[in-house]
Amino acid sequence: QVQLVESGGGLVQTGASLRLSCAASGRSFNTYIMGWFRQAPGKEREFVAARSYAGTMPMYADSVRGRFTISRDNAKNTVSLQMNNLKPEDTAVYYCAARNVARREYEYWGQGTQVTVSS
């Protein structure tokens with residue numbers, strides 16, 4: 001079992017930056033791919049970014065590439081999402097998620113943190 005707790009959401013203006021953090025506890029962090037997803041009101045949850053334990057080839061959604069950066073601190077079992085140049089369309093509840101490297105679906109989810117970007 002893996003427990004995930006997000007923090008760092010808030011209300012910002014267009015163009016501002018925010019950093020989300022996710023603390024993971026439980027089973028071996030090094031066997032999990034960590035990701036960030038988001039869900040805006042009335043929309044389906046969508047992938048934002050993901051990073052493996054080794055940190056190679058981080059993946060990003062086209063909508064955030066170049067503005068968001070996912071990073072991991074494997075010693076502290078944390079994963080972060082640095083969000084720059086935020087836009088109103090980035091407004092959503094952001095979720096941290098984890099999946100074993102052998103699985104295709106994310107198994108564990110945090111409770112979510114709200115990010116609101118005002119125009």
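**Entry 1: the disulfide**

I use buried for under 20% relative accessible area, exposed for over 50%, and partly exposed in between (1.4 Å probe, protein chains only). I note that this is a predicted model, in which local features need pLDDT of at least 70, side-chain atom pairs count only at pLDDT 80 or more, and totals for chains, interfaces and linings use all residues. Residues are numbered from 1 along each chain as its sequence is written, and side-chain values use heavy atoms, with hydrogens and water left out.

I then asked which residue forms a disulfide with C22. The partner is C96, and the two sulfur atoms are 2.1 Å apart; a disulfide here is a pair of cysteine sulfur atoms within 2.5 Å. By this rule I count one disulfide in the structure. The pair joins distant parts of the chain: C22 belongs to strand 3 (residues 18-26) and C96 to strand 9 (residues 92-100), 74 residues apart. Strands are DSSP runs of E with at least two residues, numbered from the N terminus. C96 is buried as well, at a relative accessible area of 0%. The disulfide of C22 and C96 is left-handed, because the torsion about its S-S bond is about -80°.

**Entry 2: the aromatic pairs**

I recorded five aromatic pairs in the structure. Rings of Phe, Tyr and Trp (its six-membered ring) pair if their centres lie within 6.5 Å; planes under 30 degrees apart are stacked, over 60 edge-to-face, and the rest tilted.

Why is the pair of F37 and F47 edge-to-face? Their planes stand at 80°, with the ring centres 5.6 Å apart, so the pair takes that class. This pair also links distant parts of the chain, with F37 in strand 4 (residues 32-39) and F47 in strand 5 (residues 46-51), 10 residues apart. F37 counts as buried at 11% relative accessibility, whereas F47 is partly exposed at 27%.

Next I examined Y106 and W109, which form a tilted pair, 6.2 Å centre to centre with 55° between the planes. Y106 counts as buried at 17% relative accessibility; W109 is partly exposed, with a relative accessible area of 30%. I noted that F37, F47, Y106 and W109 form one aromatic cluster.

**Entry 3: charges over the rings**

Finally, I asked which residue lies over the face of W109. R45 does, at 3.7 Å from the ring centre. The charged end of R99 sits over the ring of Y106, 5.5 Å from its centre. The criterion is NZ of Lys or CZ of Arg within 6 Å of the ring centre and within 35 degrees of the ring normal.

Note on methods. Helices (H or I, at least four residues) and strands (E, at least two) are DSSP runs, numbered from the N terminus.
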